[in-house]
Amino acid sequence: MTVYTSATDADRRAMLDAIGVASVDELFADVPPALRLGRPLALPDGMAEQEVYEHLRELAARNVSAEDEISFLGAGMYDHYVPALIDSILQRSEFLTPYTPYQPEVSQGGLQAMFEYQTAISELTGLPVSNASVYEGPSAVGAAAYLAKLANGRARVLVSRGVHPHSRETLRTLAAGTGQEIVEVPLRDGVTDPDALAAALGDGADVNALILQQPNFLGAVEDLEPLAAAAHGVGALAICACDPIPLGILRTPGECGIDVAVGEGQTLGNRLDFGGPSFGFFAATEAHLRRMPGRIAGETKDADGRRGFVLTLQTREQHIRREKATSNICTSQALNALAGVIYLSWLGRRGLVELGELLVQRTAYARDALAAIDGIAPLHEQPVVRELALELDVPDVARVVERCAAEGVNPGYPLARDYPEHPGGLLVALTERRTREQIDRLTDVLARAVAAERSGAETPAGVGA
Amino acid sequence: MADASYPDDLLYHAEHDWARLDGDVATFGITWYAQDSLGEVVFFDPPQAGGQVRAGESYAEVESVKAVSDVIAPLSGEIVEVNDALGDAPEQINEDPYGEGWMVKVRLSDPSERDALLSAADYAAQLD
Amino acid sequence: MSAQAPSAPDGGAPAGGAEREPTTDELLVEPVLTIYERSREGRRAFAAPALDVPARPLDELLPPALRRAAPARLPEVSEPELVRHYNGISKRNFDLDSGFYPLGSCTMKHNPKLHERVAALPGNARLHPLQDPRRAQGALELMWNLQETLAEIAGLPYVSLQPSAGSHGELAGVLLTRAYHEDRGERRTKVLTPDTAHGTNPATVTMAGYEVVKVGTAPDGGVDLDDLRAKADDQVACLMLTNPNTLGLFDANIAEIARIVHGVGATLYYDGANLNAIMGITRPGDMGFDIVHFNLHKSFTQPHGGGGPGAGPIAVSERIEPFLPRPQVVRREPADGGPPSFDLDHERPKSIGKLRGFQGNYGVFVRSYAYIRSLGAAGLREASETAVLNANYLLALLKRAGVAEHLPVAYDRVCMHEFVLSGAPMRRELGIRTLDLAKRLLDFKVHPPTVYFPLLVDEALLVEPTETETKETLERFAAIVAAILREAADDPEIARQAPSTTLVRRLDEAKAAKQPVIRQPL
């Protein structure tokens, strides 16, 4: 008996008697002897709670988190401040431990939270229809491509090179199953090249969808409207993966003619957690309501006329439509989406705008300060909101990062692996936690690191180990 | 419609669909049994006028809260009219499956296919 | 700006402009308000940090043409209101910490509270996924250890933690199968699933570009071997199974099934939803499965969260390993004999690629890893044994007179961790359906079992108590079911109108589907 089970010897005897067998082993009679493991699992013995805690604490101590360094790492997930009230609400048993709301009469809390979340995402994206979450950003892009296939059945998906590398790779992986051809549209001056797009669209007869990102992976704000119009011109869908916080001030996907807006929700009230769990949001125009993947909560009334909420349009989903479902998704990210709607409600109508404007100002300040460093230039001159891309004139950006890390500053994400055309690229992200003082420290540390690399100075001890 | 009914002037397909013939144009819908099994219909996904239907194959879908059902064409031909009123009032399929709940009108390509369909009596008999 | 919903909240004080004071009866009914309806212009919960850099004109930094016309109409509320609102709606949920939750196929076992503490450690919670692996050694070692554990439980050597849920793991598995066949120069077109399969299985097959072919179930509840032999040909890429199956029955023919499937060169995929029955007792790899997915939110205690997050890691055999998603967590032994280090390997030329960003739901891995370290080898085995014991005991209780004739077990065999009852006799004899029984159970503050799944059983009720329930809880549940049946014999209307003690009664789902209102109008 462990601390999580309660069958004492007396309980076992009574239960076995009632069942009519002599031992628990008899309950496994259907398992052929040849298939019995016949030995204990080759795993360590169990430990008491405080021993498990110490072990986990020791492991965690060997990670350098945003608690331990000043981090300008972004590239899809960002070190925003999560207010304490989200922790306390999410720890409530009633939100943490129930299952998907299949019995709505006892799940009104979760269903109402979904309804409020769907409303918030609809407001953020400027599109009328939102679901109750998908897993995260790149798989949401994949799900949008699947919707596009259901919508018009065409085979070629155009995706801007400004879309997150993980999203582009996920598209290619899923395309092995959907049979779609994924074609990349290059960037020019840091944004999707409209001429290259026109060429890629061609006569467009076989173009399923165009997928964009806002701001794009290099931090640039794209002019979505003409790009979406070009897609519509050939009868293709326009899809955009968006960073949700900049949507507080940027022209919404809805306003730009985008048909499906998706994105990574981590920055809305969720932690970094080494990449997950977070949530993906998924919103669309009314025309695609019945092709939406995932759960959708709807408002209705009960038998006595009381206001209530239910899962609705379930005939889209796998448990009913099975092989013809709009997606295979079952468990999604309900608890993380709850954090998302609490966060958006916490920021509020004005707070989201204030946060966005603060980010724009600090990012501009950072770009100016960093670009003024000898050996550093902006990678592009496009408007930015919270992330900027630099070109470092050094042989190896990774060594610059090492020098900065040794001083307790993580300067950002080197671009060389994902964008070989920018071997000196560095992506620097800002959140409201990165103060002017910290930006100034980054400037100082980065300047010295770049200078040292350019002069071929000796690496200090502990760097590049 | 509260009680089971299978009008004598219609022909039936075993998968719970009916046809009313008028010259070389036939009207299709689903039977009382089909709507009763489905429960309250919430959505009818109509085909396009001008499309082709083939006897024995699905040409549309009808949904209740917890189920989706294919609607099978009893006979082959070209869709000349679709009951658009079902978009706002899908419950007509439950309330008047043989009247206001009609789904499509089809110009038949092979009227002799009617010989393979069931009479009301034969259809009702094979329901048990 | 305050938002008033057109569907006015029920009860409460009359709308503004009332000519009289509300009565106590009216005030006793608390209105259901959304956060938008609590909003009042000017209230705030967030105070932005002061601008500490020189302010530049916004138009210069972000041209107006790129900016939205009007702000998102998010609510304006203070912190106390936010806390009250979400606390309030949480109390409109039943949950596992509060009561019995025998949802078949979902494995609603206790969520240990330690796990939240360790997941919240800043070294975990504030760790960026793109941190240099050399500075994330604790996280990578945790993932490696979890991989090794899952490999041992599965009996398959290679694990990817990347998929985010069971159905995501299924998609990974079928795409891996596709890559495996194509690498051998073969193009297959079909995937077999039993007719008892969970809906995610056929949905996954379609997304992976294959045709679904259903395999029948034999009278004893196992796979119909003749039907399988007839359908297994060289166009079949894979058979997706779970064992025990969704009827809660262990298919003793599994070795023969594996032989048939492998005989036509297809892969055998294990849906890990029912793993809770067999940990430490038998292993899918030993049964002949090539690919296994785990639901960390089932057997490994990740809290269900009202619908996620979860995780769906996969374990695969040697021949499937080259195709695993990237990156893979790898362990390196240094030449000088020092401690091992851990890394993320992106160089995987035959990999199917990525199914999502970064490396998966790490926060979920932390909790499941803590569970595994708490239980150890013996504890995991004991969990499965007790799950099967509890299920069989509950079944024995429900086979007693007064219940069994109305709710007979669908397959009268020893069950594993769950069992299926059929409410068809109950419907005929007592005039109440499985749905009505489920709704009446809500009045007794238990969550009903899974209803109307698997599809194979008429009026199905799929019951999975799990190992973390006491004997007394099982007895009380059986007593409640028996009492409801006696009540229905006397007056079936009570169950048909149930629930009557919950905050809302049965909801009009048809209206919600016909005229969907899926956001607050503002």
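Chain A is divided into domain 1 (18–56), domain 2 (70–78 + 349–455) and domain 3 (85–343), with bounds that come from an automatic or database domain assignment. The C-alpha centres of domain 1 of chain A and domain 2 of chain A lie 52 Å apart. This is a predicted model, in which local features need pLDDT of at least 70 and side-chain atom pairs count only at pLDDT 80 or more, while totals for chains, interfaces and linings use all residues. Residues are numbered from 1 along each chain as its sequence is written, and chains are lettered from A and ligands numbered from 1 in the order in which they are written.

**Helix 13 of chain A**

Helix 13 (residues 436–455) of chain A has 20 residues and reaches 28 Å from its first C-alpha to its last; helices (H or I, at least four residues) and strands (E, at least two) are DSSP runs, numbered from the N terminus. That reach is close to the 28 Å expected at 1.5 Å a residue, where the expected span is 1.5 Å times one less than the number of residues. Its buried residues are Ile439(A), Leu442(A), Thr443(A), Val445(A), Leu446(A), Ala449(A), Val450(A) and Glu453(A); a residue is buried if 20 or more other C-beta atoms lie within 10 Å of its own, exposed if 12 or fewer, and partly exposed in between, with C-beta atoms placed from the backbone. The elements of chain A against which these buried residues pack include helix 11 (334–371), strand 14 (387–392) and helix 12 (397–406). Just after helix 13 of chain A, Gly456(A) takes a positive phi of about 70 degrees.

**Strands of chain A**

An open sheet of four strands in chain A has the order 13-14-17-16, with antiparallel pairing; two strands pair if DSSP finds at least two bridges between them. Strand 13 and strand 16 (413–414) of chain A each have a single partner strand and stand at the edges, so one side of each is left without a neighbour in the sheet. Within the pair of strand 14 and strand 17 of chain A, Glu391(A) stands opposite Gly425(A).

| Antiparallel pair in chain A | Bridges |
|---|---|
| Strand 14 and strand 17 (residues 425–429) | Five bridges |
| Strand 11 and strand 12 (residues 307–311) | Five bridges |

Strand 11 (residues 297–301) of chain A is mostly covered, as four of its five residues are buried. Lys301(A) has Arg307(A) in strand 12 of chain A as its bridge partner. The hairpin of strand 11 and strand 12 of chain A has five residues between the strands, and in this hairpin Gly305(A) takes a positive phi near 85 degrees.

Between the chains, 170 residues of chain A are in contact with 174 residues of chain C, two residues being in contact if their C-beta atoms, placed from the backbone, lie within 7 Å. Helix 11 of chain A gives the largest share of the side of chain A that touches chain C, 23 residues.

Chain C has 522 residues, of which buried residues make up 58%, and its secondary structure comes to 17 helices and twelve strands.
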